[in-house]
Amino acid sequence: MPTPAQPLKIGTRGSPLALAQAHETRDRLAAAFQLPPEAFEIVVIKTTGDNRALIDADKPLKELGGKGLFTKEIEEAMLAGAIDIAVHSMKDMPVLQPAGLVLDCYLPREDVRDAFVSLGHAALADLPQGATVGSSSLRRRAQLRARRPDLNLVEFRGNVQTRMKKLGDGVADATFLAMAGLRRLGMAEVAKSPIAPEDMLPAVAQGAIGIERRAADARAANMLAAIHDHETGLRLAAERAFLAGLDGSCETPIAGLAELSGNSLRLRGEILRPDGSEVLADDITVPVAEGAQAGAEMAARLRERAGPGFFDWTGLA
């Protein structure tokens, strides 16, 4: 077991939300093994995605390097032995891990919904014609283009504090955040209104925290097994199989949500043209054990319906 003299090193990004997630992981491990908090060391690693200039530039994620922006340096530190485990927001995680790393521990999932955030409007429906909405999420932007083509969409990046400042500066009339992040930061009141999945299907794995480790690290594997949430694992197996079947990345607007009810799993999936001109959706219920297979099959069905070029960026600035 780790000790204050030889602590287990937990790697994380340095944003307030990332640190909150790392502390939750530490506290769950400490409680599971009756260890003092000092038996764990939280190691902050700056990733490419944390570069202030990139955040301020408000450029699309696809132009900056994709989801790996938030994980590359952390995973390199783990492979080098500088940290033992890494804590990630699962919606930021690529489907495949680098050789030598494995991701098979998830904490209990938080609220999956998107949050509508504005200083002057109570809900998305209250935004006037032509209002400016800031979002860096391709999924949210495509969903908004499909539902409210009148809105003026601008790139909008940064953590909660940065985005709230941008709203205050008049960069946009509204933006969106994940309810899960706001709750973990104790800032749920920032959300003017949560958006039901029926109105805006969330990102795959939204609200889930994943903990990555070296494949050969038996100690980390045993410790993480003690805090793994089985239900979240079943849900994400279906959602990430759906994402993998679509070659999902930061360049493709994809939404997906799996929910459990007894021995059944309901999976909803959605793909959108980036300009919002077409939305293809599917909704199935299967036995829980068939969740991952159902996710892969749903992806195949939607790919067939979409045809080639569905995700092309034609006509988008």
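**Note on the predicted model: aromatic pair, sheet and cores**

1. Aromatic pair. By the rule that ring centres must lie within 6.5 Å, the count comes to one aromatic pair. The rings are those of Phe116 and Phe176, with centres 5.9 Å apart and planes at 70 degrees, so the pair is edge-to-face. The angle cut-off used here is over 60 degrees for edge-to-face. The structure is a predicted model, and this applies to every point below.

2. Where the pair sits. Phe116 counts as buried because its relative accessibility is 0%. Phe176 is also at 0% relative accessibility, and therefore counts as buried.

3. A charge over a ring. Another phenylalanine, Phe156, has Lys166 over its face, at 5.5 Å from the ring centre.

4. Five strands form an open sheet with mixed pairing, in the order 2-1-3-10-4. Strand 2 (40-44) and strand 4 are the edge strands, each pairing on one side only. On average, neighbouring strands of this sheet are turned by 30 degrees against each other, direction ignored.

5. Pairing within the sheet. Strand 1 and strand 2 run parallel and are joined by five bridges; Lys9 stands opposite Glu41 in strand 2. Strand 1 also runs parallel to strand 3, with two bridges between them. Between strand 3 and strand 10 (residues 209-214) there are five bridges, and these two strands run antiparallel.

6. Strand 3 in detail. Which residues of strand 3 lie on each side, and are they buried or exposed? Ile85, Val87 and Ser89 are on one side and Ala86 and His88 on the other, and all are buried, which leaves both faces covered. Strand 3 (residues 85-89) thus has five of its five residues buried. Ile85 has bridge partners in two strands: Ile10 is paired with Ile85 of strand 3, and the partner of Ile85 in strand 10 is Arg213.

7. Nonpolar cores. The largest nonpolar core has 28 residues, and those with the most contacts inside it are Met90, Phe242, Ile254, Leu265 and Ile271. Two or more residues each come from strand 4 (101-106), helix 9 (230-245), strand 11 (254-261), strand 12 (264-272), strand 13 (279-287) and helix 10 (291-306). Helix 10 gives the most, with five residues. A second, separate core has 18 residues, including Leu8, Ile85, Ile209 and Ile211.

8. Contacts of Phe242. Leaving aside residues up to four places away in sequence, Phe242 touches a set of residues that includes Val204, Ile254, Gly269, Met298 and Leu302.

9. The start of the chain. Ala5 is found in the segment before strand 1 (8-12). Ala5 is exposed, because its relative accessible area is 70% and the cut-off for exposed is over 50%. The C-alpha atoms of Ala5 and Ala39 are separated by 7.4 Å, although the two residues are 34 residues apart along the chain.

How values were computed: Residues numbered from 1 in each chain as written. Predicted model: local features only at pLDDT ≥ 70, side-chain atom pairs only at ≥ 80, totals over all residues. Heavy atoms only, no water. Phe/Tyr/Trp six-rings, centres within 6.5 Å; stacked < 30°, edge-to-face > 60°. Buried < 20%, exposed > 50% of the residue type's maximum accessible area, 1.4 Å probe, protein only. Lys NZ or Arg CZ within 6 Å of the ring centre and 35° of its normal. Helix = DSSP H or I, 4+ residues; strand = E, 2+ residues; numbered from the N terminus. Pairing = 2+ DSSP bridges. Core = buried A, V, L, I, M, F, W, Y, C linked by side-chain atoms within 4.5 Å. Contact = heavy atoms within 4.5 Å. Axes fitted to C-alpha atoms, helices over the stretch in contact; angles between N-to-C directions.
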